[in-house]
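Please read it alongside the sequence and the model.

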Amino acid sequence: MKTSAIVYCENEFGKLDGKVANGLVRHSDKYKIVGIIDSSKSGLDAGEYLDGIKSGIPIFNDFHQAITILDNIPEYFIYGIAPLEPTLSTKEKEIVYEAIRSGMHIVNGLPEFFSDDKVCTDLAKKYGVSIFDVRKPPSKENLHSFTGKIRDVQTPIITVSGTDCAVGKRTTALKLVEALQKEGLHAIFITTGQTGILQGSRYGIAIDMLSSGFASGEVENAILESLKEQPDIIVVEGQGALSHPAFTSSSAIIRGAMPKAIILQHPPKRKTRCDFPEILMPTLESEIEMLEVFSGAKVIAITINHEGMNDQEVENVTTMYEEKYQLPVTDVLKNDCNKLIEKLYEVFPDLRSVKPILWEPQD
């Protein structure tokens, strides 16, 4: 049974910096999300606000309202904002402290670790709760350097890359994995960020907190670990963008995964980089060229992030991109993954011969 959790996302739910909360509302294998805290959307249904589909997850005005209305105090309090500025204000820290005093375990996806905050740790000890800093890297003796063994992996490895951060790479990857599993294929998702860990991914690590000496090795190791399940196909979550000057995680993912094909996620209406309004977005042409040269793999499909777009605009852009790039194009939230699966069958014809079997994830 999933453990209950409430997600703090004040003024950011449904926005770019609310991607942790957004992701948990859309998909969570680990937690039962019983509420979102965001006073700017109080009273709304979280799923309906995000995607137009009711989820039964209420949005509360504040922490007090949430614990007053809910039948039981949730077991976990998740900090669900992923801002460019990694440190919390005094007011935000007080909300975390209050959750601890209420007896809730704390789950933190920020690069500011709550386990390094003496007030947090003292309160956690007093109230008998735990603090989980999901982006805190393992000790160096438990990290993995790149070995090159990934070169011998015959299983198709796909990365879902993007033209910017916060464009929906993880969501597309998860939707694709789900669709592949419905096809009877044993597809495995490899996470590379905090939200995927919070959603319950069995394999992966938040690589943006690792030194360059271990980042590609940890991606490789996660894939090699997943092979014990004998997957038919492996889908790796991308981070940032290979062309983005502020992030190096995309290059580490490509180096560590050595993908055999790439799906590229793009927001057509976005003009400048997320959190960097002075930096223009790259063109699809330039990102495709950079990815293919750097990886040695081909971009086999384009997926759309429909932010700022209506349904007709999505349809028009889909048609235009397919004609221009001669690649399948889809928006997995508004449509489905059928075009992606057909392209994967074309690129990896052996997948068609895989017989559907019942499989259980290994511990």
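1. A cavity is here a set of points, on a 1 Å grid over the protein atoms alone, where a 1.4 Å probe fits but cannot get out, and lining residues have an atom within 4 Å of a point. Grid points are joined across faces, edges and corners, and a volume is the space filled by probe spheres set on the points. By this rule there are two cavities of 30 Å³ or more.

2. The model is predicted, so that local features need pLDDT of at least 70 and side-chain atom pairs count only at pLDDT 80 or more, while totals for chains, interfaces and linings use all residues. Residues are numbered from 1 along each chain as its sequence is written, and side-chain values use heavy atoms, with hydrogens and water left out.

3. The largest cavity holds about 50 Å³ of space, and its lining consists of Ser161, Gly162, Lys169, Gly238, Gln239, Gly240, Ala241, Leu242, Ser250, Ile253 and Leu291. The elements that give two or more residues to this lining are β7 (157-162) and α9 (249-257); helices (H or I, at least four residues) and strands (E, at least two) are DSSP runs, numbered from the N terminus. By class, the lining of the largest cavity has four nonpolar, six polar and one charged residue, where Ala, Val, Leu, Ile, Met, Phe, Trp, Tyr, Cys and Pro count as nonpolar, Asp, Glu, Lys and Arg as charged, and the others, Gly among them, as polar.

4. The second largest cavity has about 40 Å³ of space, and the residues that line it are Leu88, Lys93, Val96, Tyr97, Glu112, Phe114, Asp117 and Cys120. Helix α4 (residues 90-101) provides the largest share of this lining, three residues. Five nonpolar, no polar and three charged residues make up the lining of the second largest cavity.

5. Helix α9 also packs on helix α8 (residues 212-226), their axes coming within 7 Å and crossing at roughly 45°; axes are lines fitted to C-alpha atoms, for helices over the stretch in contact, and angles run from 0 to 180 degrees between N-to-C directions. That angle makes α8 oblique to α9, given that angles under 35 degrees count as roughly parallel, over 145 as roughly antiparallel, 65 to 115 as roughly perpendicular and the rest as oblique. In α8, Ala215, Ser216, Val219, Glu220 and Ile223 meet Ala252, Ile253, Arg255, Gly256 and Ala257 in α9, contact meaning heavy atoms within 4.5 Å. The contact of α8 with α9 comprises six nonpolar, two polar and two charged residues.

6. How do helix α6 (residues 169-182) and helix α12 (residues 338-347) cross, and at what angle? Their axes come within 10 Å and cross at roughly 70°, and α6 and α12 are therefore roughly perpendicular to each other. Leu176, Ala179 and Leu180 in α6 meet Leu340, Ile341 and Leu344 in α12, a contact with six nonpolar, no polar and no charged residues.

7. Helix α10 (residues 284-295) and helix α11 (residues 311-325) pack with their axes 13 Å apart, at an angle of about 50°, and α10 and α11 are therefore oblique to each other. On the α10 side Leu284, Glu285 and Ile288 take part, meeting Tyr321, Lys324 and Tyr325 in α11, and the contact of α10 with α11 divides by class into four nonpolar, no polar and two charged residues.

Methods:
1 Å grid on protein atoms, 1.4 Å probe; cavity = no way out; pocket = protein on both sides within 12 Å on 5 of 7 lines; lining within 4 Å.
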